[in-house]
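Biologist: I'd like to learn how to read a structure like this one. Could you take me through it feature by feature?

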Amino acid sequence: MADFLLEAKNVSVTFGSGSTKVEAVKNVSLTLRAGEPIGIVGESGSGKSTLARVLAGLQVPTEGEILFNGESVYKGSKAYTGEARRQVQMVFQDPYGSLNPQLTGLNAVAEAVRIHDKTSKELSEERALQLLRRMGIAELDAIKKPRQLSGGQRQRVSVARALSASPTVLLADEPTSAIDQSAQAQLLNLFRGLLDEGLAIVLVSHDLGVIRYLTKRVYVMKDGVFVESGVTEEIFNDPREEYTKLLLASIPGDLGVAARQKLNKS
Amino acid sequence: MSASNTPLIQVRDVVIGIPHKRRPTLTIVNKANFDINYGEMVGIVGESGSGKTMICRTMIGTLERRGGKILSGDVLFEGESLARASESDWKKLRGKSIGYVPQSALAGPNPVLTIEAQLAEALRNTGDTKNIKSRSKELLELVKIRRVDTVLKQYPYQLSGGMRQRVMIACALATSPKLLIADEPTTGLDVTVQSQIMDLLKEIRSTMGTAIVLISHDLALIDEVCDRVVVMHAGATVEVGSVKELVKPRHPYTIALNSSRIDIAQPGSELVTIKGNAPSVGEWNPGCRFADRCSIVQADCRTGEHPELIGASGTHQTACIHTELLERI
C-alpha cells in the first residue's frame, strides 16, 4: 500500500513552444491521503486549474508523474485505466457549462451510474435519485433540465454525478465561485458530510474563506509554483510568504482585517 | 436643486413587471423602497433573482430595453421622476449624472475599440470636446492605471480583468457623475484585484464625493466598504439600515444570510443555510414571500400583501411583522 492516495511528483506543464511558450505549472509536488481535504489556492493564471486537470487525468503533464495508490496514472496518452478510473472524479467551476442542457438532472446522473455500474435503466435511475436526494435535490427538481434549476442546484447535480462513480477522491475546481452565498453554505455542508464518509477532497479555489473552512492542508500557488504549503490553520494564522500575506489581507470582512493589521505592522 | 435634505435617489414603492403580449404581466419586483444620499456608499444584497439588477436598471434607464416596465411607484433623482423620463431626458442623465459599471468586466468594453477610443467616446458625451487626449490620461491615472500611454493604445483583450474593470470605471467617471452604480463589479476577479477595486471605489467616493451603489451577494464585502445596506429578497426590500445597525439584523432573511457567511464560520462547523429556494418569479404566495423559508413564520405572515418596510426612511427598517420573535432564531 502506498503512503499516499494521490501524489504529484515534480509535475510541469508547458503549453506552446518557442516565443509563445507558457509554463503553466513548474515542477510542483503534492500529496493527498485518503479522506483528507486539501486546498490549492491562487489567483487566475497561477496554474491551479491546470494542475487540477493533471490530477484528474485530463491533461498529460509535460514532465513528472501522477501516482494513484502508488501507480502511475498516465500510461502513454491514456490516464486512469482500470479500477482507478472511477476513483478520481471532478466537479467543474461552471455547472451550467458542464451539464448537458438536454438532459434532466436525473438522466444526467443515471447515465453516469449506468456507465460506471453497467446496470439497468431502472436500477440506475433509482441510484441516481438516491444520490440526488443526498445532495438535497428533491424528485420534483431532479426531473428538471439545467436551465430550470438555480446555480446552486446545478452544482449539486454535478456533484451527484461525480459521486455516481463512488470515488475516493473528489477534485473540485472553484465549485462555489458561480453560486451565491446561501447556496455556497449548502454545498459546503454537503462536502463536509462527504468528508465524514471518508472521501478525500482537493478544493481548488481563489476564495480563501472557503479554503479555510473546508481544508486541513493548503498549497498556495503563484505563477506555476507552490510558494507556501502546510496546515491550513497555521498558514492562515501565521503566513510566512509575502504573497500569502497579501492574499489574506485581500479577503473582505473580519478575516482580512486581522491579516491587514499584521501586514501593516511588519 | 439644493443638496440639503432631499436624498440623491429615492426609490418609492417601485413595482417592476415584464409585460407580455399573450400572457399576463409578470411581476418581478414588488416593492422596492430605499434612499441614497449624496456621497453615500450603499450596498444592495440579495440572492440571484431577487431583483437587485432590475432596480439598478431603473436608475440608468435601461429597463424598457430589457422588456421591463415600472408598473407603479417612482424613482426620483434629485427629486425628478425617472419613471416618467423620456429617452431624451435619459440622454442628459445616463453617463452624465449617473455612471454605470457593468457586472462583467470581461464583456464590458467594446472589443474592437482601443481604450483611447472608448474613453474619448465617454468624454465627448460631456459636451466638451477639447483636450480629449489629456483628459483620457487623467482618467486612467485617476483609476490608478500605470503605463498610461501604452494602455491607451491597447485593446480590451490585451488587458487583465482588473485592468478592464478599471477602464470601465474610468469611462463611468468621465462626466464626474453624482451617482455611480457598480453591479457586482468584482465577480470573477481575484481577491487581490477585488480589494484594489474596492479601495479605488472608496477613494473616488471620498475625493469626488460620488455616491456609489454597490450590488453584491457578498455580505462581508458590503460590510467592509458601504455605509448602508439594502437587503432584497424575491423582489422586495426586506431590510434597510446602516452597516452598524445590520450587525443586529431585524429580518429573518438577513439573519440567515449573515449566519451563512463563510468568513465568520468556525472551520468544519455546520453552516447555517436558508431553507428551500427563493420563490421563483410568478410563483409568489400571498403574504410574506420569505414565509416558506422562515423559522419563525406565523399564520398571519401568509395572508395579504407582502409586508412593507416598517419605520421611517433613514432609520433601521424591516419588513418583518414579527420582530418580537426574532430572538428565537
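Predicted model: local features only at pLDDT ≥ 70, side-chain atom pairs only at ≥ 80, totals over all residues.

Biologist: Let's begin with helix pairs. At what angle do the axes of H4(A) and H5(A) pack?

Modeller: Look at the two axes first, then at the angle between them. Helix H4 (residues 105-117) of chain A packs on helix H5 (residues 121-134) of chain A at about 120 degrees, and their axes are 8 Å apart. Angles under 35 degrees count as roughly parallel, over 145 as roughly antiparallel and 65 to 115 as roughly perpendicular, with the rest called oblique. H4(A) and H5(A) are therefore oblique to each other. Their crossing is right-handed.

Biologist: Which residues of H4(A) and H5(A) meet?

Modeller: On the H4(A) side, they include A:Leu106, A:Val109, A:Ala110 and A:Val113. Among their partners in H5(A) are A:Ala128, A:Leu129, A:Leu131 and A:Leu132. The contact of H4(A) with H5(A) comprises eight nonpolar, two polar and four charged residues. As for the spacing in such lists, an α-helix has 3.6 residues a turn, so residues three or four places apart point the same way.

Biologist: Now chain B. How do H6(B) and H7(B) cross?

Modeller: The axes of helix H6 (residues 161-173) and helix H7 (residues 191-208), both of chain B, come within 10 Å and cross at roughly 15 degrees. That angle makes H6(B) roughly parallel to H7(B). The crossing of this pair is right-handed. B:Gln165, B:Ile169 and B:Leu173 are among the H6(B) residues that meet H7(B), where the partners include B:Ile197, B:Leu200 and B:Ile204.

Biologist: Could we zoom in on B:Ile169? Is B:Ile169 buried or exposed?

Modeller: To judge burial, count the neighbouring C-beta atoms; 20 or more within 10 Å means buried. B:Ile169, which lies in helix H6 of chain B, is buried because 24 other C-beta atoms lie within 10 Å. Leaving aside residues up to four places away in sequence, B:Ile169 touches B:Val101, B:Val143 and B:Leu200.

Biologist: And B:Ser280: where is it found, and is it buried or exposed?

Modeller: B:Ser280 sits in the loop between helix H9 (252-259) and strand E11 (317-318) of chain B. B:Ser280 counts as exposed because it has 11 C-beta neighbours inside 10 Å. Sequence and space can also be compared: B:Ser280 and B:His20 are 260 residues apart in sequence and 17 Å apart in space, C-alpha to C-alpha.

Biologist: Last topic: how many residues of chain A are in contact with chain B?

Modeller: Count each side separately. On chain A there are 27 residues in contact with 29 residues of chain B. The elements of chain A that give two or more residues to this side are helix H8 (181-196), helix H9 (208-214), helix H11 (242-249) and helix H12 (254-265). H8(A) supplies the largest share, eight residues. The chain A side has ten nonpolar, twelve polar and five charged residues.

Conventions. Residues numbered from 1 in each chain as written. Chains lettered and ligands numbered in written order. Axes fitted to C-alpha atoms, helices over the stretch in contact; angles between N-to-C directions. Helix = DSSP H or I, 4+ residues; strand = E, 2+ residues; numbered from the N terminus. Left-handed = near helix turned anticlockwise from the far one by under 90°. Contact = placed C-beta atoms within 7 Å. Buried ≥ 20, exposed ≤ 12 C-beta atoms within 10 Å, placed from the backbone. Nonpolar A, V, L, I, M, F, W, Y, C, P; charged D, E, K, R; others polar.
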